[in-house]
Amino acid sequence: MSNYNHWFIRARLKTRQLLLLVALAEEGNIHRAAQVLSMTQPAASKLLKDLEDVLGVPLFERLPRGMSPTWYGETMIRHARMALASLNQAHDELTALKTGHFGQVGIGAVTSPGLSLLPPAVALVKQEHPNLRISLDIETSPVLLDRLEQGKLDIVVGRLFAEHDKGNLAYEPLTGELVSAVTRPGHPLMGVSNLSLRDVHGAGWIVPPAGSVLRHRFDLMFQQEGLSPPINTIETSALLFMTRMLQQSDMVGVVASEVANYYASHGLLSVLPLDMPCHMDAFGLITRTDRLLSPGAKVMMKVLKQTCLTQYGIRLSA
């Protein structure tokens, strides 16, 4: 079969049909979707019917008050969003090239590699390609993977969990993540010898939000010692709030060891001499297998892999 004999060519798929699918998903009503796209309702209805006829399946249920996507419709809507996001990205890249920019890349990371891996990698890329536009997100893995699926990110440095659909993802593992307890410098617990979980059980803790993997393992750590999880807690993943709160209180915080060591090296926090056996699973480089990397993303990926060797001692395929 020729590479140019795709179903959508035979079906004469129109960009406006993709736009209509997304508008219908958002508006739930053919009249409002048509208004959004500045077309008449009969024209919108014909576009949808033509697509359903070609595919041979109903994409929407016609309800008394609107329309609801079928399973077939949900699938087409998801791919329509990705196709439109890719076309938007193509336009942005062309515009950037015309104005003298090299292009763009969107990269997301969980906190630890966001602190240790990304800064040196981004610095190297900027030395070689100062006009490459780089956008950076530091978030949890589920949030980053959603943005990767939506086409808002090109590369993620994060974790894959059992619930994630891995069918269209490429994953190259990097390293695990140790966890530390941190306090303000001069905290009374810093002077306790042979510090144990029992010594810190009654402290006020700043912990990750309920439902996160780290919070689950933090609570489990105390339960395995025959202790109930601490009840005097503040739940947040905001590092700026945590550091400020720790500096002006006797609370104890839970952070990735790389983050803890960074703050300690600048004298902002102290790392408690406490074994924290609640470390996290390995994170890695994640990309989509059903999308080609842009030129800017290829450059970023190459440098990330080079930096992994110096940062983690891990050699990845070029």
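Mentor: β6 (169-177) and β12 (280-288) pair in the antiparallel sense over seven bridges, where pairing requires that DSSP find at least two bridges between two strands. Within this pair, Tyr171 stands opposite Ile286 in β12. The model is predicted, so local features need pLDDT of at least 70 and side-chain atom pairs count only at pLDDT 80 or more, while totals for chains, interfaces and linings use all residues. Residues are numbered from 1 along each chain as its sequence is written, and side-chain values use heavy atoms, without hydrogens or water. Strands (E, at least two residues) and helices (H or I, at least four) are DSSP runs numbered from the N terminus.

The two strands belong to an open, five-stranded sheet of mixed pairing, in the order β4-β3-β5-β12-β6. Because β4 (132-138) and β6 are at the edges with a single partner strand each, one side of each has no neighbour in the sheet. From one strand to the next, the twist averages 15°, taken between axes fitted to C-alpha atoms, with angles from 0 to 180 degrees between N-to-C directions.

The largest nonpolar core holds 32 residues; such a core joins buried (under 20% relative accessible area, 1.4 Å probe, protein chains only) Ala, Val, Leu, Ile, Met, Phe, Trp, Tyr and Cys residues through side-chain atoms within 4.5 Å. Among the elements that each supply at least two of its residues are β3, β5, β6 and β12, but the largest share, eight residues, comes from α13. Leu304 touches residues including Ile107, Ile155 and Leu285, contact meaning heavy atoms within 4.5 Å.

Note on methods: Buried means under 20% relative accessible area, exposed over 50%, partly exposed in between (1.4 Å probe, protein chains only). Lists of a residue's contacts leave out its neighbours within four places in sequence.
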